[in-house]
Amino acid sequence: MKTTPVTAADLQRSVIAVPPLARKADLSLDTDANQALLRHLEQGGVRNVMYGGNANFYNVGVSEYARLVDFLAEAAGDDTWVLPSAGPDYGKLIDQAAILRTRAFPTAMLLPMSFPYTDAGLADGIRRFSDALGKPVVVYLKSSGYLAPATVAGLVDEGRIVALKYAVVRDDPTDDPYLEALLQAVDSRWLVSGVGERPAIAHFRKFGLKSFTSGSVCVAPRGSMRLLRLLHEGRFDEAEQVRARYLDLEDCRDEISPIRVLHDAVTLAGVADMGPMLPLLTGLSDAERDRVGPVARRLLEWDREPAAA
(Lines give C-alpha, C1' and ligand atoms only; values in the text may rest on other atoms or scores of the structure.)
Protein backbone atom coordinates (compact mmCIF):
# COMPACT_ATOMS: atom_id res chain seq x y z
CA MET A 1 0.00 0.00 0.00
CA LYS A 2 1.19 3.52 -0.84
CA THR A 3 1.90 5.36 2.41
CA THR A 4 3.58 8.59 1.27
CA PRO A 5 1.65 11.86 1.75
CA VAL A 6 -1.02 12.55 -0.87
CA THR A 7 -0.15 15.19 -3.47
CA ALA A 8 -2.06 16.76 -6.36
CA ALA A 9 -0.08 14.47 -8.69
CA ASP A 10 -1.33 11.45 -6.74
CA LEU A 11 -4.94 12.58 -7.15
CA GLN A 12 -4.44 12.98 -10.89
CA ARG A 13 -2.45 9.82 -11.65
CA SER A 14 -5.47 7.53 -11.52
CA VAL A 15 -9.24 7.48 -11.45
CA ILE A 16 -10.23 7.26 -7.79
CA ALA A 17 -12.27 4.07 -7.53
CA VAL A 18 -15.05 3.96 -4.93
CA PRO A 19 -15.80 0.22 -4.73
CA PRO A 20 -18.39 -1.77 -2.84
CA LEU A 21 -17.30 -4.09 -0.05
CA ALA A 22 -17.94 -7.84 -0.30
CA ARG A 23 -19.48 -9.74 2.59
CA LYS A 24 -20.43 -13.36 3.20
CA ALA A 25 -23.93 -14.56 4.03
CA ASP A 26 -23.26 -14.02 7.75
CA LEU A 27 -22.13 -10.43 6.95
CA SER A 28 -18.50 -11.14 7.81
CA LEU A 29 -15.87 -9.73 5.47
CA ASP A 30 -15.29 -11.78 2.29
CA THR A 31 -11.54 -11.39 1.88
CA ASP A 32 -11.29 -13.42 -1.32
CA ALA A 33 -13.96 -11.43 -3.18
CA ASN A 34 -12.57 -8.09 -2.02
CA GLN A 35 -9.09 -9.08 -3.15
CA ALA A 36 -10.48 -10.18 -6.52
CA LEU A 37 -12.08 -6.75 -7.01
CA LEU A 38 -8.87 -4.97 -6.00
CA ARG A 39 -6.85 -7.08 -8.47
CA HIS A 40 -9.39 -6.30 -11.20
CA LEU A 41 -8.98 -2.58 -10.56
CA GLU A 42 -5.19 -2.73 -10.37
CA GLN A 43 -4.92 -4.82 -13.54
CA GLY A 44 -6.96 -2.10 -15.25
CA GLY A 45 -4.46 0.56 -14.16
CA VAL A 46 -6.29 1.98 -11.13
CA ARG A 47 -4.03 2.99 -8.24
CA ASN A 48 -6.35 5.10 -6.05
CA VAL A 49 -9.11 3.30 -4.13
CA MET A 50 -11.51 5.06 -1.76
CA TYR A 51 -13.76 3.06 0.57
CA GLY A 52 -16.75 5.21 1.46
CA GLY A 53 -20.45 5.25 0.69
CA ASN A 54 -20.38 2.48 -1.92
CA ALA A 55 -18.60 0.28 0.63
CA ASN A 56 -21.33 1.16 3.16
CA PHE A 57 -18.80 2.53 5.64
CA TYR A 58 -21.68 4.52 7.13
CA ASN A 59 -22.84 1.33 8.84
CA VAL A 60 -19.48 -0.24 9.74
CA GLY A 61 -19.17 -0.68 13.48
CA VAL A 62 -16.16 0.63 15.36
CA SER A 63 -15.75 -2.93 16.68
CA GLU A 64 -14.99 -4.11 13.13
CA TYR A 65 -13.13 -1.04 11.90
CA ALA A 66 -9.53 -1.95 12.82
CA ARG A 67 -9.80 -5.43 11.32
CA LEU A 68 -11.37 -4.01 8.17
CA VAL A 69 -8.83 -1.27 7.47
CA ASP A 70 -5.94 -3.62 8.26
CA PHE A 71 -7.24 -6.05 5.66
CA LEU A 72 -7.56 -3.30 3.02
CA ALA A 73 -3.99 -2.15 3.67
CA GLU A 74 -2.66 -5.71 3.34
CA ALA A 75 -4.73 -6.52 0.24
CA ALA A 76 -3.65 -3.50 -1.81
CA GLY A 77 -0.68 -3.54 -4.16
CA ASP A 78 2.54 -1.75 -3.20
CA ASP A 79 1.69 1.35 -5.28
CA THR A 80 -2.04 1.46 -4.55
CA TRP A 81 -3.30 4.30 -2.38
CA VAL A 82 -6.09 3.08 -0.09
CA LEU A 83 -8.29 5.78 1.41
CA PRO A 84 -10.66 4.64 4.19
CA SER A 85 -13.60 6.72 5.40
CA ALA A 86 -14.71 7.69 8.88
CA GLY A 87 -17.81 9.07 10.52
CA PRO A 88 -20.11 10.66 9.63
CA ASP A 89 -21.03 11.43 13.25
CA TYR A 90 -18.47 13.01 15.55
CA GLY A 91 -18.27 10.07 17.95
CA LYS A 92 -17.32 7.62 15.19
CA LEU A 93 -14.93 10.15 13.66
CA ILE A 94 -12.88 10.39 16.84
CA ASP A 95 -13.02 6.67 17.68
CA GLN A 96 -11.98 5.74 14.15
CA ALA A 97 -9.27 8.42 14.05
CA ALA A 98 -7.63 6.77 17.07
CA ILE A 99 -7.48 3.52 15.09
CA LEU A 100 -6.25 5.14 11.87
CA ARG A 101 -3.57 7.17 13.63
CA THR A 102 -1.69 3.95 14.46
CA ARG A 103 -1.80 2.83 10.81
CA ALA A 104 0.09 4.04 7.75
CA PHE A 105 -2.83 5.41 5.71
CA PRO A 106 -1.78 8.81 4.32
CA THR A 107 -5.23 10.32 4.89
CA ALA A 108 -8.90 9.45 5.46
CA MET A 109 -12.20 10.88 4.24
CA LEU A 110 -15.00 12.28 6.36
CA LEU A 111 -18.31 10.82 5.23
CA PRO A 112 -20.86 13.61 4.66
CA MET A 113 -23.19 14.47 7.51
CA SER A 114 -26.83 15.18 6.66
CA PHE A 115 -28.23 16.16 10.08
CA PRO A 116 -27.60 17.70 12.55
CA TYR A 117 -24.70 20.05 11.98
CA THR A 118 -23.77 23.71 11.50
CA ASP A 119 -21.08 25.20 9.31
CA ALA A 120 -18.95 26.21 12.29
CA GLY A 121 -19.59 22.91 14.05
CA LEU A 122 -18.61 20.89 11.00
CA ALA A 123 -15.43 22.92 10.58
CA ASP A 124 -14.60 22.32 14.25
CA GLY A 125 -15.19 18.60 13.75
CA ILE A 126 -12.85 18.56 10.73
CA ARG A 127 -10.16 20.29 12.77
CA ARG A 128 -10.54 17.84 15.65
CA PHE A 129 -10.55 14.84 13.30
CA SER A 130 -7.43 16.11 11.55
CA ASP A 131 -5.74 16.63 14.93
CA ALA A 132 -6.74 13.16 16.12
CA LEU A 133 -5.53 11.60 12.86
CA GLY A 134 -2.36 13.66 12.81
CA LYS A 135 -2.78 14.34 9.07
CA PRO A 136 -4.80 16.46 6.65
CA VAL A 137 -8.05 14.83 5.52
CA VAL A 138 -10.40 14.49 2.56
CA VAL A 139 -13.77 16.24 2.92
CA TYR A 140 -16.81 14.94 1.02
CA LEU A 141 -19.06 17.72 -0.31
CA LYS A 142 -22.32 16.00 -1.25
CA SER A 143 -24.88 18.80 -0.96
CA SER A 144 -24.94 22.40 -2.12
CA GLY A 145 -23.70 24.75 0.58
CA TYR A 146 -22.48 21.86 2.77
CA LEU A 147 -19.57 24.05 3.85
CA ALA A 148 -19.30 27.75 3.03
CA PRO A 149 -16.51 28.44 0.51
CA ALA A 150 -14.83 30.79 3.00
CA THR A 151 -14.87 28.02 5.61
CA VAL A 152 -13.32 25.58 3.14
CA ALA A 153 -10.63 28.13 2.24
CA GLY A 154 -9.81 28.63 5.91
CA LEU A 155 -9.42 24.87 6.48
CA VAL A 156 -7.20 24.57 3.39
CA ASP A 157 -5.04 27.46 4.59
CA GLU A 158 -4.69 25.74 7.97
CA GLY A 159 -3.41 22.59 6.27
CA ARG A 160 -6.43 20.54 7.39
CA ILE A 161 -7.61 19.40 3.93
CA VAL A 162 -5.70 17.39 1.33
CA ALA A 163 -8.63 17.09 -1.12
CA LEU A 164 -12.34 17.80 -1.54
CA LYS A 165 -14.59 15.17 -3.12
CA TYR A 166 -17.18 17.28 -4.93
CA ALA A 167 -20.33 15.20 -5.44
CA VAL A 168 -23.20 17.68 -5.74
CA VAL A 169 -25.53 16.32 -8.43
CA ARG A 170 -26.83 18.85 -10.97
CA ASP A 171 -29.21 18.39 -13.90
CA ASP A 172 -26.71 20.48 -15.85
CA PRO A 173 -23.19 20.03 -14.39
CA THR A 174 -21.98 23.13 -16.24
CA ASP A 175 -24.43 25.27 -14.22
CA ASP A 176 -23.13 24.98 -10.67
CA PRO A 177 -22.98 28.14 -8.54
CA TYR A 178 -21.65 26.29 -5.49
CA LEU A 179 -18.72 24.81 -7.42
CA GLU A 180 -18.01 28.21 -8.97
CA ALA A 181 -17.98 29.82 -5.51
CA LEU A 182 -15.66 27.13 -4.15
CA LEU A 183 -13.23 27.67 -7.03
CA GLN A 184 -13.17 31.39 -6.31
CA ALA A 185 -12.09 30.53 -2.75
CA VAL A 186 -9.64 27.64 -3.31
CA ASP A 187 -7.40 26.39 -6.11
CA SER A 188 -8.90 23.76 -8.42
CA ARG A 189 -6.17 21.28 -7.49
CA TRP A 190 -7.95 20.70 -4.17
CA LEU A 191 -11.20 19.54 -5.80
CA VAL A 192 -11.96 16.11 -7.25
CA SER A 193 -15.01 15.52 -9.43
CA GLY A 194 -16.93 13.06 -7.29
CA VAL A 195 -19.99 11.87 -9.25
CA GLY A 196 -18.49 9.36 -11.66
CA GLU A 197 -18.21 9.56 -15.43
CA ARG A 198 -21.44 11.50 -16.09
CA PRO A 199 -20.26 15.03 -15.10
CA ALA A 200 -16.52 14.38 -15.41
CA ILE A 201 -16.05 16.02 -18.81
CA ALA A 202 -17.98 19.14 -17.80
CA HIS A 203 -16.02 19.38 -14.55
CA PHE A 204 -12.70 19.13 -16.41
CA ARG A 205 -13.64 21.30 -19.39
CA LYS A 206 -15.47 24.17 -17.68
CA PHE A 207 -14.14 24.15 -14.13
CA GLY A 208 -10.58 22.91 -14.59
CA LEU A 209 -10.76 19.89 -12.29
CA LYS A 210 -8.08 17.28 -12.92
CA SER A 211 -9.31 14.04 -11.35
CA PHE A 212 -12.54 12.15 -10.76
CA THR A 213 -13.97 9.35 -8.66
CA SER A 214 -15.93 6.47 -10.14
CA GLY A 215 -18.02 3.52 -9.07
CA SER A 216 -18.50 2.07 -12.54
CA VAL A 217 -14.70 1.82 -12.83
CA CYS A 218 -15.13 -1.29 -10.65
CA VAL A 219 -16.75 -3.00 -13.65
CA ALA A 220 -14.71 -1.35 -16.42
CA PRO A 221 -11.39 0.04 -15.11
CA ARG A 222 -9.46 0.26 -18.39
CA GLY A 223 -12.06 2.42 -20.09
CA SER A 224 -12.35 4.74 -17.12
CA MET A 225 -8.57 5.15 -17.00
CA ARG A 226 -8.60 5.91 -20.74
CA LEU A 227 -11.24 8.57 -20.11
CA LEU A 228 -8.97 10.20 -17.51
CA ARG A 229 -6.03 10.22 -19.96
CA LEU A 230 -8.15 11.76 -22.71
CA LEU A 231 -9.36 14.47 -20.35
CA HIS A 232 -5.81 15.32 -19.31
CA GLU A 233 -4.87 15.57 -22.99
CA GLY A 234 -7.89 17.79 -23.81
CA ARG A 235 -9.27 15.24 -26.31
CA PHE A 236 -12.86 15.89 -25.30
CA ASP A 237 -14.61 14.47 -28.37
CA GLU A 238 -12.92 11.12 -27.84
CA ALA A 239 -13.63 11.38 -24.13
CA GLU A 240 -17.35 11.75 -24.89
CA GLN A 241 -17.28 8.48 -26.84
CA VAL A 242 -15.72 6.64 -23.90
CA ARG A 243 -18.05 8.25 -21.37
CA ALA A 244 -21.07 7.12 -23.39
CA ARG A 245 -20.17 3.50 -22.65
CA TYR A 246 -20.78 4.09 -18.94
CA LEU A 247 -24.11 5.90 -19.13
CA ASP A 248 -26.35 2.83 -19.25
CA LEU A 249 -24.99 1.62 -15.91
CA GLU A 250 -24.98 5.17 -14.53
CA ASP A 251 -28.64 5.50 -15.58
CA CYS A 252 -29.46 2.35 -13.59
CA ARG A 253 -27.60 3.77 -10.59
CA ASP A 254 -29.37 7.12 -10.79
CA GLU A 255 -32.83 5.61 -11.28
CA ILE A 256 -32.61 2.79 -8.71
CA SER A 257 -29.83 3.48 -6.20
CA PRO A 258 -26.17 4.40 -6.81
CA ILE A 259 -24.86 2.24 -3.97
CA ARG A 260 -27.14 -0.79 -4.37
CA VAL A 261 -26.79 -1.00 -8.15
CA LEU A 262 -23.00 -0.83 -8.04
CA HIS A 263 -22.78 -3.46 -5.32
CA ASP A 264 -24.79 -5.98 -7.33
CA ALA A 265 -23.41 -4.89 -10.73
CA VAL A 266 -19.93 -6.07 -9.74
CA THR A 267 -21.43 -9.47 -8.94
CA LEU A 268 -23.68 -9.63 -12.02
CA ALA A 269 -20.84 -8.66 -14.36
CA GLY A 270 -18.79 -11.57 -13.05
CA VAL A 271 -15.96 -9.52 -11.51
CA ALA A 272 -16.44 -10.83 -7.96
CA ASP A 273 -19.34 -11.93 -5.76
CA MET A 274 -20.08 -9.02 -3.44
CA GLY A 275 -22.61 -11.02 -1.43
CA PRO A 276 -25.29 -9.32 0.71
CA MET A 277 -25.21 -5.68 1.73
CA LEU A 278 -24.55 -4.64 5.30
CA PRO A 279 -27.72 -3.24 6.90
CA LEU A 280 -29.28 -0.74 6.75
CA LEU A 281 -29.15 -1.37 2.98
CA THR A 282 -30.43 -4.26 0.87
CA GLY A 283 -29.51 -5.69 -2.52
CA LEU A 284 -31.51 -5.36 -5.72
CA SER A 285 -34.86 -7.01 -6.35
CA ASP A 286 -35.08 -9.78 -8.97
CA ALA A 287 -36.56 -7.34 -11.48
CA GLU A 288 -33.80 -4.81 -10.82
CA ARG A 289 -31.14 -7.50 -11.20
CA ASP A 290 -32.68 -8.51 -14.52
CA ARG A 291 -32.26 -4.93 -15.71
CA VAL A 292 -28.78 -4.30 -14.30
CA GLY A 293 -27.17 -7.65 -15.16
CA PRO A 294 -27.04 -7.31 -18.96
CA VAL A 295 -25.88 -3.68 -18.68
CA ALA A 296 -23.02 -4.60 -16.34
CA ARG A 297 -21.93 -7.56 -18.48
CA ARG A 298 -21.89 -5.45 -21.67
CA LEU A 299 -19.74 -2.85 -19.97
CA LEU A 300 -17.23 -5.45 -18.78
CA GLU A 301 -17.13 -7.10 -22.22
CA TRP A 302 -16.39 -3.73 -23.85
CA ASP A 303 -13.69 -3.00 -21.27
CA ARG A 304 -11.89 -6.18 -22.31
CA GLU A 305 -11.67 -5.02 -25.93
CA PRO A 306 -8.43 -3.31 -27.07
CA ALA A 307 -10.33 -0.11 -27.87
CA ALA A 308 -11.27 0.40 -24.22
CA ALA A 309 -7.64 0.70 -23.17
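Trainee: What covers the buried residues of helix H12?

Mentor: The cover includes helix H2 (31-43), helix H11 (247-255) and helix H13 (286-303). Keep in mind that this is a predicted model.

Trainee: Which residues of H12 are buried?

Mentor: They are Arg-260, Val-261, Leu-262, His-263, Asp-264, Ala-265, Val-266, Leu-268 and Ala-269. That makes nine of the twelve residues, and H12 is mostly covered.

Trainee: What comes just after H12?

Mentor: Look at Gly-270. Its phi is positive, about 95 degrees.

Trainee: Let's step back. How many helices and strands does the protein have?

Mentor: There are 13 helices and eight strands. Now check the overall size. Along the principal axes, the C-alpha atoms fill a box of roughly 45 × 45 × 35 Å.

Trainee: What share of the residues is buried?

Mentor: Buried residues make up 56% of the 309. The protein exposes about 12400 Å², and 50% of that comes from carbon and sulfur atoms.

Trainee: And contacts along the chain: what share joins residues at least 24 apart?

Mentor: Count contacts between residues at least 6 apart in sequence. Of those, 75% join residues at least 24 apart.

Trainee: Now the sheet. What is the order of its strands?

Mentor: The order is E7-E6-E5-E4-E3-E2-E1-E8. The sheet is open, and its pairing is parallel. Strand E7 (191-193) and strand E8 (213-214) are the edge strands, each pairing on one side only.

Trainee: How many bridges join strand E2 to strand E3?

Mentor: Four bridges join E2 (residues 48-51) to E3 (residues 81-86), and the two run parallel. Take one of the pairs: Tyr-51 has Pro-84 in E3 as its bridge partner.

Trainee: Which way do side chains point in a strand?

Mentor: In a regular strand they alternate between the two faces of the sheet.

Trainee: Are the residues of E5 buried or exposed?

Mentor: Five of the five are buried, so E5 is largely enclosed by the rest of the structure.

Trainee: Which residues stand opposite those of E5?

Mentor: Take one neighbour at a time. Strand E4 (residues 109-110) is joined to E5 by two bridges and runs parallel to it. There, Met-109 stands opposite Val-138. E5 also pairs with E6 in the parallel sense, over five bridges. Here Val-139 stands opposite Leu-164. E6 is mostly covered as well, with six of its six residues buried.

Trainee: How do I find the covered side of a helix?

Mentor: In helix H7 (residues 177-185), they are Tyr-178, Leu-179 and Leu-182. Their arc is only 95 degrees around the axis, which puts them on the same side of H7. Pro-177 and Gln-184, on the other side, are exposed.

Trainee: Can we zoom in on single residues? Why does Gln-96 count as buried?

Mentor: The cut-off for buried is under 20% relative accessible area. Gln-96 has 1% relative accessibility, so it counts as buried. Gln-96 is in helix H4 (residues 90-101). Leaving out residues up to four places away in sequence, it touches Val-60, Val-62, Tyr-65, Ser-85, Ala-86 and Gly-87.

Trainee: What is the relative accessible area of Ile-201?

Mentor: It is 4%, and Ile-201 is buried. This residue lies in helix H8. With residues up to four places away left out, Ile-201 touches Leu-227, Leu-231, Phe-236, Ala-239, Glu-240 and Arg-243. Compare chain and space for one more pair. Ile-201 and Leu-230 are 29 residues apart along the chain, and their C-alpha atoms are separated by 9.8 Å.

Definitions and conventions:
Residues numbered from 1 in each chain as written. Predicted model: local features only at pLDDT ≥ 70, side-chain atom pairs only at ≥ 80, totals over all residues. Heavy atoms only, no water. Pairing = 2+ DSSP bridges. Buried < 20%, exposed > 50% of the residue type's maximum accessible area, 1.4 Å probe, protein only. Arc of directions from axis to C-beta. Contact = heavy atoms within 4.5 Å. Areas by Shrake-Rupley, 256 points an atom, 1.4 Å probe, with all protein chains shown as cover.
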